[in-house]
Amino acid sequence: MSAALPLRTREIQLASRPHGRPVPENFRLAETALPDLQDGQILVRNEFMSVDPYMRGRMNDAKSYSAPFRLDAALDGGAVGEVIASRSDAHKVGDVVVHQLGWREFSVVDAAAATQVPAGLAPTSAFLGALGMTGLTAYAGLLKVAEFKPGDAVFVSGAAGAVGSIVGQIAKAMGASKVIGSAGSPEKVARLLELGFDAAFDYHDGPVVEQLREAAGERGIDVYFDNVGGEHLEAALSVLTVGGRVAMCGAISQYNATAPTAAPRNLAVAIGKQLTLRGFLVGGQRQHAAEFSTRMAGWLADGTVRYDETIVDGLENAPQAFIDLLDGANTGKMLVRIG
């Protein structure tokens, strides 16, 4: 490596596995040497990194769809930044790329694992959110997994979050008869109405099923996009119409649980109503990425879809940003600005 290039990087390591709600002591800010670049690798100065609810599961030492984070090693996740050294023909110095080695200032990345960001299309941070995996999750979950059709009435839980807010706007753009969202504060409810949701409620204001029934009216809902699980899923099952569909994206209400959580007590209604409940991972929806990118770029350009970001400055503050995310402190995408 050239002497002008960094030889070391600060990174956030997992110091211990959380029991229940994560605490700052579960994380450690460390400095480590950067490995020399090998053929086919690039060195990236990270500008933004993403913190996401799914990361909580990876902090447990349990078998899952994604390998657990290792103790005393850097965490990882989505990041976007500038290539400052390259030993690959795929990416040159000055390119901006998205990759999965966040939680550190500088990342040595295999070029094949980095995706170049088109210049001038949107701010770089958007490629971790509306134009990135967040947006694809919303798009594919609603249109492909839940098989949304024009005229459907849609309910989105966690609707002020990064995925939920985009789900609701896509549903409106595609001809939903009604879009309902739940959120965790009056301010978030107000923001959902600004974004074009037909109705929204604060789940702290009373039983979710009662508020959802009032918002849906006699018609009920045809599609439920589930980011929360628990009481929200139980409520949606009660209000779904015959043939209704559920896209199960997340269950943030259960991620910090220290004991087994109760399944929806009314799951049997899925039989008589002939409901479809489908869990999905965005990794299984990559075949729709090109279609999504084209459509989302157009929606962002003409203002059909808007997105919010909650930005925390400083790598050292990434653990608290993650903890705050699980507590619902964000509106839209929670990002950490590193450089």
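Q: What makes up the lining of the largest cavity?
A: In this predicted model, the largest cavity is lined by Ser-125, Gly-129, Ala-130, Thr-134, Ala-162, Ser-165, Ile-166, Tyr-307, Asp-308, Glu-309 and Lys-333. Helix α3 gives the largest share of that lining, three residues.

Q: Why is this space called a cavity?
A: A cavity is a set of points where a 1.4 Å probe fits but cannot get out. The space inside the largest cavity is about 50 Å³. With a cut-off of 30 Å³ or more, the count is one cavity.

Q: How is the lining of the largest cavity split by class?
A: Four residues are nonpolar, four are polar and three are charged. Asp, Glu, Lys and Arg count as charged, so Asp-308, Glu-309 and Lys-333 fall in that class.

Q: Why is Glu-231 called partly exposed?
A: Its relative accessibility is 47%. Buried needs under 20% and exposed needs over 50%, so the value lies in between. Glu-231 therefore counts as partly exposed.

Q: Where is Glu-231 found, and which residues is it in contact with, leaving aside neighbours within four places in sequence?
A: Glu-231 belongs to helix α6, residues 230-239. Beyond those neighbours, Glu-231 is in contact with Pro-207 and Val-208. Contact means heavy atoms within 4.5 Å.

Q: How far apart are Glu-231 and Arg-265 in sequence and in space?
A: They are 34 residues apart in sequence. From C-alpha to C-alpha, Glu-231 and Arg-265 are 9.3 Å apart.

Q: What lines the second largest pocket, and which element gives the largest share?
A: The lining has 15 residues; Gly-230, Gln-254, Ala-262, Ala-263 and Pro-264 lie nearest the centre. Helix α6 gives the largest share, four residues. By class, six are nonpolar, five polar and four charged. The pocket holds about 170 Å³ of space.

Q: What makes a set of residues a nonpolar core?
A: The residues must be buried, of the listed nonpolar types, and joined through side-chain atoms within 4.5 Å. The largest such core has 44 residues, and Leu-142, Val-154, Ile-170 and Met-296 have the most contacts inside it. Elements giving two or more residues to this core include α2, β8, α3 and α8. Helix α2 gives the largest share, seven residues.

Q: Which residues does Val-154 touch, not counting those up to four places away in sequence?
A: Val-154 touches Leu-142, Phe-148, Ala-171, Ala-176, Lys-178, Val-179, Ile-180 and Val-223.

Technical notes. Residues are numbered from 1 along each chain as its sequence is written. This is a predicted model: local features need pLDDT of at least 70, side-chain atom pairs count only at pLDDT 80 or more; totals for chains, interfaces and linings use all residues. Side-chain values use heavy atoms; hydrogens and water are left out. Buried means under 20% relative accessible area, exposed over 50%, partly exposed in between (1.4 Å probe, protein chains only). On a 1 Å grid over the protein atoms alone, a cavity is a set of points where a 1.4 Å probe fits but cannot get out, and a pocket is an open set with protein on both sides within 12 Å along at least five of seven lines; lining residues have an atom within 4 Å of a point. Grid points are joined across faces, edges and corners, and a volume is the space filled by probe spheres set on the points.
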